[in-house]
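Subject: Structure for you to look at

Hi,

I am handing over the structure we talked about, with some notes to go with it. Please have it open while you read on.

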Amino acid sequence: MRSGSQELTGSCPLGLNRRGFKKENLLLQKFTSMEIHSIDSFLSYYERVRERTLWVVELVPPERMEWVYLPGKFSIADSIRHIAAIERLLYAEIVQGKPSCYDGCGAHLAAGYDDVLAYFQQMHEETVAILRELTDEDLQRKCATPGGGEIRVWKWLRAMVEHEIHHRAQLYLYLNMLGVRTPPMFGLTEEQLKEMILR
């Protein structure tokens, strides 16, 4: 999307070009304040994110684990394995200064309902154990991305969370397409919220 001479770029927060924006711009202020300074506080937050993802994963009917909405696209099992494999084999490896060893999210990693869920849990536990070894100072060092760039560790961890939330949303959509009732993320549906406001 373009506006006059401004264009979206990947080098600025939220993809916004800084030209024409004042330093006191509220959007940029909010973005730059979302830094991670404590590994303990990050892990506490991340575990809550994972808990909400697990709520959705556990709603998948066993007989629908390999369901796919279109040939050639991720199945539900692929999506779950993808979250797990990327977390451990990409994000956690890069944080340690190692290259990514992610090689896909197929059934070679885990097949069948129970094994897929076990793999999901195992990769998360291994990732958290690795991240617990980080110090707060480590969050400020830079790590090399698969694309050849460099990024501070805290930004890399933030990207890991965003990646999980992105794929959790896909799981919500898949389950709704299958007619599986999903819980509201924070306790109220949109309809319930509107009803409360109109009272």
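Predicted model: local features only at pLDDT ≥ 70, side-chain atom pairs only at ≥ 80, totals over all residues.

Let me start with helix H2, residues 39-57, and helix H5, residues 153-177. Their axes lie 10 Å apart, and the packing angle is about 15°. With a cut-off for roughly parallel of under 35 degrees, H2 and H5 therefore count as roughly parallel to each other. The crossing of the two, H2 and H5, is left-handed.

Which residues of H2 and H5 meet? On the H2 side you will find Ile39, Phe42, Tyr45, Tyr46, Val49, Arg50, Arg52, Thr53, Val56 and Val57. They face Leu157, Met160, Val161, Glu164, Ile165, Arg168, Leu171, Tyr172 and Leu175 of H5. Sorted by class, this contact of H2 with H5 holds 14 nonpolar residues, 4 charged ones and 1 polar one.

The aromatic rings

How many aromatic pairs are there? The count comes to 4, and two of them are described here.

One is Tyr69 with Tyr174: the ring centres are 5.7 Å apart and the planes meet at 35°, so this pair is tilted. Tyr69 sits in the loop between H2 and helix H3 (76-95), while Tyr174 belongs to helix H5, so to speak a link between distant parts of the chain, 105 residues apart. Are these two buried or exposed? Tyr69 is partly exposed, at a relative accessible area of 37%, whereas Tyr174 has 6% and is buried.

Another is Tyr91 with Trp156, where the centres are 4.7 Å apart and the planes are at 45°, so this pair is tilted as well. Tyr91 is part of helix H3 and Trp156 part of helix H5, so the pair ties together parts 65 residues apart in sequence. Tyr91 is buried, with a relative accessible area of 8%. Trp156, at 8% relative accessibility, also counts as buried.

Finally for the rings, Trp67, Tyr69 and Tyr174 make up one aromatic cluster.

The charged residue

Glu93 is located in helix H3. Since the cut-off for buried is under 20% relative accessible area, Glu93 counts as buried at 9%. What does Glu93 touch, leaving aside residues up to four places away in sequence? Its contacts are Arg88, Lys98, Pro99 and Cys101.

How values were computed: Residues numbered from 1 in each chain as written. Heavy atoms only, no water. Axes fitted to C-alpha atoms, helices over the stretch in contact; angles between N-to-C directions. Helix = DSSP H or I, 4+ residues; strand = E, 2+ residues; numbered from the N terminus. Parallel < 35°, antiparallel > 145°, perpendicular 65-115°, else oblique. Left-handed = near helix turned anticlockwise from the far one by under 90°. Contact = heavy atoms within 4.5 Å. Nonpolar A, V, L, I, M, F, W, Y, C, P; charged D, E, K, R; others polar. Phe/Tyr/Trp six-rings, centres within 6.5 Å; stacked < 30°, edge-to-face > 60°. Buried < 20%, exposed > 50% of the residue type's maximum accessible area, 1.4 Å probe, protein only.
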